[in-house]
Amino acid sequence: MRKILKTYRYRIYLNKEQTVNIDNTLDLCRNLYNSALEHRIYLYKHWKVSISYNAQQNELPMIKQELPEYTAVHSQVLQDVLRRLDKAYQNFFRRVKQGETPGIPRFQGYKRYNSFTYSQSGFSLSGSHLQLSKLGNIKVKLHRQVIGEMKTCTVVRKNGRYYVCFSCEVENQTVPLTYRDAGIDMGIKEFCITSDGELIPNPKNYRQVEDKLKNQQRAVSRKKKGSHRRKKAVRELAGTHEHILNQRKDNAYKVAKNLLEKYDTIVREDLQIANMIKNHKLAKSISDAGWGLFFNILDAKAKQTLGKRVIAVDPKYTSQVCSGCGQFVKKELSVRVHHCSGCGLTIDRDINAAINILRKGLVAA
Ligand SMILES: [Zn+2]
């Protein structure tokens with residue numbers, strides 16, 4: 001069976017000392033990256049030579065001697081910094097070869113350089129404890145299990161929060177075919193409903209977090225520009241955004257996996273057209289981002305899985321047409337039940353739409 005790499009990301013919780021040490025590691029890595037880049041640029045400018053990863057890596061012991069603060073960083077982490085630079089150069093040369101005119105690799109600022117990687121060893125996970133060489137024992141929130149063999153471990157800082165990503169080698173599982181198809185109708189109160197009538201809810205606490213976001217947005221706009229209080233409020237807002245994005249991603253992966261296990265063909269609405277039809281101002285931004293993210297993940301997962309496919313259709317009239325007989329049954333958005341006087345079908349409005357979506361997709365395919 002073919003093996004693939006899968007990344008698992010978890011939030012980590014640091015004490016003060018660990019925060020200082022990780023920030024310090026990030027600073028040192030970024031400085032190493034920038035000076036190694038400077039060195040490459042210098043050599044090329046003056047001597048027209050390009051220096052290899054190996055040559056730069058061989059200088060690490062000397063750097064540690066001259067700058068003892070670098071002994072606080074695991075050697076693999078430092079090697080990985082140089083490897084990142086090398087990769088940036090290889091991409092640059094590849095693009096030049098293809099006839100493009102890319103910019104040369106850039107110096108990295110505080111915000112851009114936000115992660116470091118243990119490329120083989122120096123890390124271990126047991127329960128909710130992550131042991132990192134040179135950094136100690138860190139608390140991890142393992143919201144789902146790591147599957148497969150851990151290859152690399154990356155620590156990421158984003159909006160004042162910290163995460164760990166494990167890249168794992170896993171067997172590429174084929175999902176068994178079920179010979180069943182489904183249409184899905186996206187909702188605002190609920191996440192979506194299938195043509196089989198399965199209601200898939202929004203993530204837990206979804207509303208509360210959205211409310212919190214609105215309050216924080218208001219709080220930011222009330223604070224004076226440039227003030228400390230405003231900066232703090234902005235940071236809190238960014239944290240909530242991050243939380244919502246993570247929640248949406250987790251939910252999207254879960255729903256996509258679930259659907260692909262149950263069905264071979266999944267028919268969904270075409271997002272752009274769906275927006276024009278059913279999105280109302282209030283819910284627009286909320287569902288916009290969530291649906292787009294979900295569709296991307298669902299499409300990508302289906303592509304990776306043998307025998308599974310996703311079809312996107314124009315959802316026009318799918319809530320109005322009767323899935324029983326095809327008759328047009330016009331109804332306002334507030335009417336939640338589809339009742340057809342032609343064939344007598346009485347069914348939930350959204351399930352009716354999901355069935356129509358499925359049919360449209362199968363006709364189109
Ligand atoms: Zn009918």
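Which element contributes the largest share of the lining of the largest pocket? Select α6 (228-262): α6 provides 13 residues, the largest share of that lining.

The model is predicted, so local features need pLDDT of at least 70 and side-chain atom pairs count only at pLDDT 80 or more, while totals for chains, interfaces and linings use all residues. Residues are numbered from 1 along each chain as its sequence is written, and side-chain values use heavy atoms, with hydrogens and water left out.

**The two domains**

Colour domain 1 (3-171) and domain 2 (181-201 + 248-364) separately; such bounds come from an automatic or database domain assignment. Their C-alpha centres lie 42 Å apart. Because both domains give residues to the lining of the largest pocket, the pocket lies between them.

**The largest pocket**

Next, select R144, K249, D250, Y253 and K254, which lie nearest the centre of the pocket among its 49 lining residues. A pocket is an open set of points on a 1 Å grid over the protein atoms alone, where a 1.4 Å probe fits, with protein on both sides within 12 Å along at least five of seven lines; lining residues have an atom within 4 Å of a point. The volume is about 2000 Å³, taken as the space filled by probe spheres set on the points, which are joined across faces, edges and corners.

Helices (H or I, at least four residues) and strands (E, at least two) are DSSP runs, numbered from the N terminus. Coloured by class, the lining shows 19 nonpolar, 15 polar and 15 charged residues. Ala, Val, Leu, Ile, Met, Phe, Trp, Tyr, Cys and Pro count as nonpolar, Asp, Glu, Lys and Arg as charged, and the others, Gly among them, as polar.

**The zinc site**

Move to the zinc ion and display the SG atoms of C322, C325, C340 and C343, its protein donors, lying 2.3 Å from it. Donors are N, O and S atoms within 2.8 Å of the metal (3.2 Å for Na, K and Ca). Along the chain, the donors follow the spacing C-x2-C-x14-C-x2-C. C325 is in the loop between β12 (309-313) and β13 (337-339), whereas C340, 15 residues apart from it, is in the loop between β13 and β14 (346-348).

Is C340 buried or exposed? At 0% relative accessibility, C340 counts as buried, while C325, at 39%, counts as partly exposed. Buried means under 20% relative accessible area, exposed over 50%, and partly exposed in between (1.4 Å probe, protein chains only). Finally, select G326: its C-alpha lies 9.6 Å from that of C340, with the two residues 14 apart in sequence.
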